[in-house]
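Work through the following exercises with the structure open. Each task is followed by a solution in steps.

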Amino acid sequence: MTDTLLGLGAGEFHIHMPHVWFLEHTPFEISNVVFAEWLIMAVLIAIAIVVNKAVINGRFTKVRGTLELLLDFLEGWYASFIGSRKNARRFMPLLATLFLFILFSNYLGIIPTVGYAALFAPTGRWGTTLGLGVVVMIACQYVAVKDLGFVGWIKHLLHLGPLSILEEFVRPFSLSLRLFGNIFGEETLLAVIVFLAPMIAPIPIMGLSLLFGAIQAVVFTTLTSIYIGGILEHAAHAHPHHGHDEGHGHEVAHAHGH
Amino acid sequence: MVLAWIALAAALAIGIAALGATFAQGKATAAAMDAIWRQPEAAGDVRGSLIVALSLMEAIAIYGLLIGLLIIFILPGQI
């Protein structure tokens, strides 16, 4: 591996790879990617506990205000794709969790940590983003079964023949490859620029990657909300007059039968 | 010599993908600007769908980038 393409100049260029800390060569490797995921989860859970305490006590703290502003903006944004603000509120737990996790993990790669404990953006590995994409796919099927019923789900899966089944399987790949490609490409670009001109040149790229990290988080969750919105639209068309199973169907029937 | 061809292949992968994707993005952005200019009150809706459409087009360029990175980083180790 001495004659790699980027082995130019004096030093050898190294692509940014995660390093394994414990349990190497087992399926349960603890690398800095896994550590970064745990760190993000811990931070998100800590924020959730702090905000929850503030809400229960009725105090208006800065963290609570920031989070409420962000989540209100996101809810309005998703509402324009998912149909209504009520539906957006129904799926906010999924969408906002995905958004916060992706945002934090995109920004984690920008924090300059050097050495053995260096953090690695979890979304810079395909495994993480494919996991998120599969979660979105399963959530879509769950929503479809719940809102359309089993027969309606099969109909929804076959509304364009085999093409729509193929689409369901392509979705997690396109979602995950988009996110992974963006973050991995950014990190590689940063690595190349740091290799070529280590002093000032990376700073504008880091500023750009702050912007792109946020946009990618928005795009991932927006596409999720579009997928869910398509299912909800089918549900609204499928039984506008007779309530199918639970309260949701009766509610729709009542709204139409006024 | 093989390394030179690999470098050219990677450059073509990202180059052609970026060519197509940016052409499409330019057309979409021009149409969106036109729509906003004609109907400024619909700017919010247009912006939302523009961002989603742009991200879908950008995905194609990203696939080209991924292929290019794979060619550069994986292929020289294989031969």
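Two residues are in contact if their C-beta atoms, placed from the backbone, lie within 7 Å. The model is predicted: local features need pLDDT of at least 70, side-chain atom pairs count only at pLDDT 80 or more, and totals for chains, interfaces and linings use all residues. Residues are numbered from 1 along each chain as its sequence is written, and chains are lettered from A and ligands numbered from 1 in the order in which they are written.

**Exercise 1.** Find how many residues of chain B are in contact with chain A, and which helix of chain B gives the most.

Step 1. Chain B has 17 residues in contact with 16 residues of chain A.

Step 2. At least two residues each come from helices H1 (2-38), H2 (43-73) and H3 (75-78) of chain B; helices are DSSP runs of H or I, at least four residues, numbered from the N terminus.

Step 3. H2(B) gives the most, with twelve residues.

**Exercise 2.** Check the span of helix H2 (residues 62-82) of chain A.

Step 1. The expected span is 1.5 Å times one less than the number of residues.

Step 2. For the 21 residues of H2(A) this should be 30 Å, and the end C-alpha atoms are 30 Å apart, which agrees.

**Exercise 3.** Locate the buried residues of H2(A).

Step 1. A residue is buried if 20 or more other C-beta atoms lie within 10 Å of its own, and exposed if 12 or fewer.

Step 2. Leu74(A), Trp77(A), Tyr78(A), Phe81(A) and Ile82(A) are buried.

Step 3. Seen down the axis, these buried residues fall within an arc of 125 degrees, so they line one face of H2(A); the arc is that of the directions from the helix axis to the C-beta atoms.

Step 4. On the other side of H2(A), the exposed residues include Lys62(A) and Asp72(A).
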